[in-house]
Amino acid sequence: MRSTLVLGLAVLSAFAACATSEEPRKQLPAAGGTAGSGGSPGDGGGAGGCVGNGASAGNGASAGNGASSGAGATTGTCVGGAAGAAGSGGGPPVCNDADKRCQHEFKYPAANEAKVEVRGDFAADGWTVGVPLAKSGSEWKAQVEVPWGSDVQYKFVLDGTKWVTDPNNPAKVPDGVGGENSLVAAPKCGNFTCVPPITGTFDWRDGVLYFVFVDRFLDGDTSNNGSAIPGVEAPAAYQGGDWAGVRKKIQDGYFSDLGVNVLWLTAPMDNPNQAGWGTDGHQYSAYHGYWPQNLDKAEEHFGSLADLKALVSEAHAKDIRVILDYAMNHVHSSSPVYAQHPDWFWPLDFGGKKCVCGEGCGWEGPDAKRCWFRDYLPDFDFTKPAARKYSIDNAIQWIKDTGIDGFRLDAVKHIEDAWVTELRARVKADVESQSGEHFYMVGETFTGDRDAIKYYVDPSTKLDGQFDFPLRAKAVAALLTRSAPLTDLESFLASNDGYYGAGVMSTFIGNHDVPRSIHFAADQPVWGNEWADGKDKAWSALPSLPSGSSAFERLANAYTLIFTLRGVPLLYYGDEIGMAGGGDPDNRRPMQWSGLTPAQTGLLAHVKKLTQIRAAHPALRRGTRTSLATTADTLAYKMQHNADSVYVLINRSDGAQTVGGVPNGSWDDLLSGSKVTGPSISVPARSARVLVASP
Ligand SMILES: [Ca+2]
Ligand SMILES: [Ca+2]
Ligand SMILES: [Ca+2]
């Protein structure tokens, strides 16, 4: 059926220099290399105007109030000057060409017809739903919104039955059925309007995200487990988790109890049953899903497409949204699309060297887009329109086939920008126009360089947000390893709060590419460097669960931070109970479903409290942050949105600390349930208080 090009194991094993599993981690910043001064170009400025104006923009302050904020955006298109006033700084509206609309006046000379309408491709339903013209003296006229810069074909319909071209417009094109259509060629206008972003019924700033690593979560159907792939040891092998298992946990209410309302699932595309070598001398299976082989098929280890659809439906029934990991940078060398269209991929040979990222080619700079992650992972050349179309068609098909609500996009900085901007345009045209809901797209750019991350953040043309790796590093250093004072974290936050403009970033402490968070939080941290990849403890000398409760309390403090800041907080599966694990693949151990220690149970209860508090207080999801008192060991800030004020006091030290700066009066601590009195409040060792004024 297919003449796939398979790199045999002999070839792979001879090439043992490729990195570990699916996606080698890119560069780490030079120590602390994130500082970057605030006020980067275009902050605010770019957010002004029409689309992406205050309406759905990050800071709710101007966006109207909580619950259904962004509602302002649905008030219709905003026109030139008016939009500028609504945004920051006046001027023409800001949107990409695909969202611009021009007013075009259609005119037809009046004779003795009773009615005239215009039909055409100015709108999705423009050929079936006409726009009536109004008679004005000797002419019929109508102002119709047409897309900026793309050809518009049209006809007039007289008295509901007679289709004619425009007698006053010589521009005509064949209509495909033997006649002609009149043509407005690529209309452009100075006074364009912008189509508003669709905000739908869910505001993504309210999201609490949970990353389900499907293969490692729960085996809900042993019939799909397949057989072992020779040469692959258990930690890098398929372990049975599947969509049926995830669905079961949705049904059981696990996520609802946790306060999670968005699930991120590992990539669903069919991967090969084949081993690939890592740089660590171990062979890996494709349990992670990042080696797409048959892009239009579901991975059989996880179930069928119907199983995935059922999972999504089950989630929706519980008011939980689902986003899928989508790996677009490359395919596996056994993929039919690579065999059929080798010209859609960057050649591995690059002037006599093998262009593998970090080997013959660099991870950064001009090679970053074209380098292959492995010599068995051909890299799409998205400068080729046909390759782009194929890939984006596939992404759109997955959305349509499954009913998902968003994508987590892998390795964004390794793909050509046109893929991202075209996907956004297609999502608007093909998905959001049908669903009426905003399709959330969050990207991964593994770096401490905020500008590199921000480059892709633009909800109207690129991504809604990205994972906030720089924040994660600062939080780990200040709250878990305690290698930097909390004053460092505060100064970082001060510049980070508005850094991504209208973006809806995802904040996190741990993920599948770094060692389990709990080990950074141990009394003696297993890794002192917050950027450690843990590969020294990935296959042997594996870390075990810390004893006692102190590490869990420190991790709880880190969650208090991200659950009281704006952004979509992410929980990596098992981190809600502080699961143990070193570097990849040890950080992907099977989910622990029973036998929790008291410290694990305490952490889980803390996370549930945080999600409840966050859900109840728009200040935490929309608010403006104001720093209160900060010391090396304590961090205190106020979050405010309209009438909602919440004070957050965090103490990382091993003794109680008194935190000042809270107003006089009586306060309820939402975490402990106790009452305290300002302005100076004692916070016990390794804990936090989240305060609201006592009624
Ligand atoms: Ca299974
Ligand atoms: Ca497969
Ligand atoms: Ca690439």
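Two strands count as paired if DSSP finds at least two bridges between them. With that in mind, β26 and β27 (residues 634-641) are paired in the antiparallel sense, over four bridges. Please remember that this is a predicted model.

- Follow the strands in the order β26-β27-β28-β33-β30-β31: they form an open sheet of six strands with antiparallel pairing.
- Which strands stand at the edges? They are β26 (624-627) and β31, and each has a single partner strand, so one side of each is left without a neighbour in the sheet.
- From one strand to the next, the twist averages 30°.

**Cis peptide bonds**

- Asp-584 and Pro-585 are joined by a cis peptide bond, with omega about 15°. To find Pro-585, look in the loop between β25 (568-572) and α14 (598-616).
- Another cis peptide bond runs from Gly-678 to Pro-679, and its omega is near 10°. Pro-679 lies in the loop that sits between β31 (675-678) and β32 (681-683).

**Positive phi values**

- Asp-319 is a residue other than glycine with a positive phi, near 60°. Its place is the loop between α5 (305-317) and β18 (321-326).
- Is Asp-319 buried or exposed? It has 9 C-beta neighbours inside 10 Å, and a residue with 12 or fewer is exposed, so Asp-319 counts as exposed.
- Arg-686, also a residue other than glycine, has a positive phi near 45°. You will find Arg-686 in the loop between β32 and β33 (687-693).
- How many other C-beta atoms lie within 10 Å of Arg-686? There are 23. The cut-off for a buried residue is 20 or more, so Arg-686 is buried.

**To take away**

- Asp-319 and Arg-686 both have a positive phi, yet Asp-319 is exposed whereas Arg-686 is buried.
- β31 stands at an edge of the sheet, and the loop between β31 and β32 holds Pro-679.

How values were computed: Residues numbered from 1 in each chain as written. Chains lettered and ligands numbered in written order. Predicted model: local features only at pLDDT ≥ 70, side-chain atom pairs only at ≥ 80, totals over all residues. Helix = DSSP H or I, 4+ residues; strand = E, 2+ residues; numbered from the N terminus. Axes fitted to C-alpha atoms, helices over the stretch in contact; angles between N-to-C directions.
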